[in-house]
Every structure is written in structure tokens, then in C-alpha cells.
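Thanks, everyone. I will take one structure today and walk through it piece by piece. Please have it open as I talk.

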Amino acid sequence: RDMGNTNGGKKKSGNDQTDAPVLSDAQREAVQKSWKIVAADIQAAGVAFFVKVFDIAPEAQQLFAPFRDVPREELPGNDALKRHALGVMQTIGAAVDGLDDLDALAPILHEL
């Protein structure tokens with residue numbers, strides 16, 4: 001669905017032969033505004049995100065050695081999970097900040 005882009009939500013990249021989806025200005029602003037809410041307590045949001053993922057898919061916790069064997073009820077206070085969650089959320093924050101310059105954003109996303 002076209003959300004306001006005159007090009008149907010696609011942008012031809014100068015260094016790529018395929019079309020890449022882009023956000024309209026309104027979509028970009030909505031994402032950045034929403035992210036400010038998350039960023040207010042970024043570590044807690046990250047921990048909540050991972051705990052929810054592990055609630056939905058408990059087997060996913062086994063992919064993370066530092067907190068693989070931490071009981072579910074102890075995850076929110078686990079220092080290793082807090083550090084990991086903060087790092088992930090900070091990277092997402094950098095990506096959200098980079099929505100104004102998609103060419104500069106590509107290397108950030110590649111690091112994910």
C-alpha cells in the first residue's frame with residue numbers, strides 16, 4: 001500500500017540494481033516520534049522486548065549463552081541480558097536516527 005510516496009513506496013538505489021522500499025516523510029516522523037517513547041527508558045524496553053520474545057519462543061533463549069540458563073523469572077534483573085538489550089536497542093536507535101539519510105543507514109543495519 002502506498003503511504004504517501006509518489007513512487008509507490010520504492011526508491012531506486014544508486015548502488016543497487018533493485019528497488020528498495022522507503023518511508024514517506026510522515027512514516028519516518030511517526031517512527032522517530034514513537035522511538036522517543038522507547039528511548040525514555042531504553043534498557044527497560046530492551047529487556048521487556050527480549051523477555052517477551054523468550055515468552056513467545058522459549059527456545060530462542062538458548063541462542064544467548066550469557067543468559068541461556070537463567071530462569072524466566074530472573075531474566076528482568078539479569079545483568080548480561082540488560083547489557084545485551086541495551087546494545088541492541090542503542091543500535092536500533094541509531095537506525096531510527098538514520099532514517100533521514102538512508103545511504104548512511106545501510107552500514108548500521110548491516111552490523112545488525
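Let's start at phenylalanine 50. It is buried, with a relative accessible area of 7%. Keep in mind that this is a predicted model.

What does the ring of phenylalanine 50 pair with? One partner is phenylalanine 64. The two ring centres are 5.8 Å apart, and the planes sit at 80 degrees, so this pair is edge-to-face. The pair links distant parts of the chain. Phenylalanine 50 is in helix α2, phenylalanine 64 is in the loop between α2 and α3, and 14 residues separate them.

Now the count. The structure holds six aromatic pairs. Another of them joins phenylalanine 49 and phenylalanine 50. Here the centres are 5.2 Å apart and the planes are at 80 degrees, so we call this pair edge-to-face as well.

Phe49, Phe50, Phe54, Phe64 and Phe67 form one aromatic cluster.

Glutamine 61 is placed in the loop between α2 and α3. Its relative accessible area is 9%, so glutamine 61 is buried. Which residues does glutamine 61 contact, leaving aside its neighbours within four places in sequence? The list is Phe54, Phe67, Arg68, Val70 and Leu75. Two of those names, Phe54 and Phe67, belong to the aromatic cluster.

Step back to the whole chain. The protein chain has four helices and two strands. From the N terminus on, the order is β-β-α-α-α-α. There are 112 residues, and buried ones make up 29% of them. Take the contacts with a separation of 6 or more: residues 24 or more positions apart account for 40% of those. The exposed surface comes to about 7,700 Å², with carbon and sulfur atoms supplying 55%.

On to helix α3. It covers residues 79-97, which is 19 residues. From first C-alpha to last, α3 reaches 27 Å. That is close to the 27 Å expected at 1.5 Å a residue. At its N-terminal end, asparagine 78 is the cap. A side-chain oxygen of asparagine 78 lies 3.0 Å from the backbone nitrogen of alanine 80.

Which residues of α3 are buried? Ala80, Leu81, Ala85, Met89, Gly93, Ala95 and Val96. Look at the spacing with one general point in mind. An α-helix has 3.6 residues a turn, so residues three or four places apart point the same way. And what covers the buried residues of α3? The cover includes α1 (25-39), α2 (42-56) and α4 (102-111).

Last topic: charges. Side chains of opposite charge can pair when their charged atoms come close. The structure holds four salt bridges.

Aspartate 25 is exposed, at 53% relative accessible area.

Arginine 28 also bridges to aspartate 100, and there the closest N and O atoms are 2.9 Å apart. That pair links distant parts of the chain. Aspartate 100 is in the loop between α3 and α4, arginine 28 is in helix α1, and they are 72 residues apart. Aspartate 100 counts as exposed, at 54% relative accessibility.

One more salt bridge. Arginine 72 pairs with aspartate 55, the closest N and O atoms being 2.6 Å apart. This pair too links distant parts of the chain: arginine 72 in the loop between α2 and α3, aspartate 55 in helix α2, 17 residues apart. How accessible are the two partners? Arginine 72 is partly exposed, with a relative accessible area of 37%. Aspartate 55 counts as partly exposed too, at 40% relative accessibility.

That's the tour. Questions, please.

Notes:
Residues numbered from 1 in each chain as written. Predicted model: local features only at pLDDT ≥ 70, side-chain atom pairs only at ≥ 80, totals over all residues. Heavy atoms only, no water. Expected span 1.5 Å × (residues − 1). Buried < 20%, exposed > 50% of the residue type's maximum accessible area, 1.4 Å probe, protein only. Contact = heavy atoms within 4.5 Å. Polar contact = N/O pair within 3.5 Å; in protein donor to acceptor, adjacent residues only side chain to side chain. Areas by Shrake-Rupley, 256 points an atom, 1.4 Å probe, with all protein chains shown as cover. Phe/Tyr/Trp six-rings, centres within 6.5 Å; stacked < 30°, edge-to-face > 60°. Salt bridge = Lys/Arg side-chain N within 4 Å of Asp/Glu carboxyl O.
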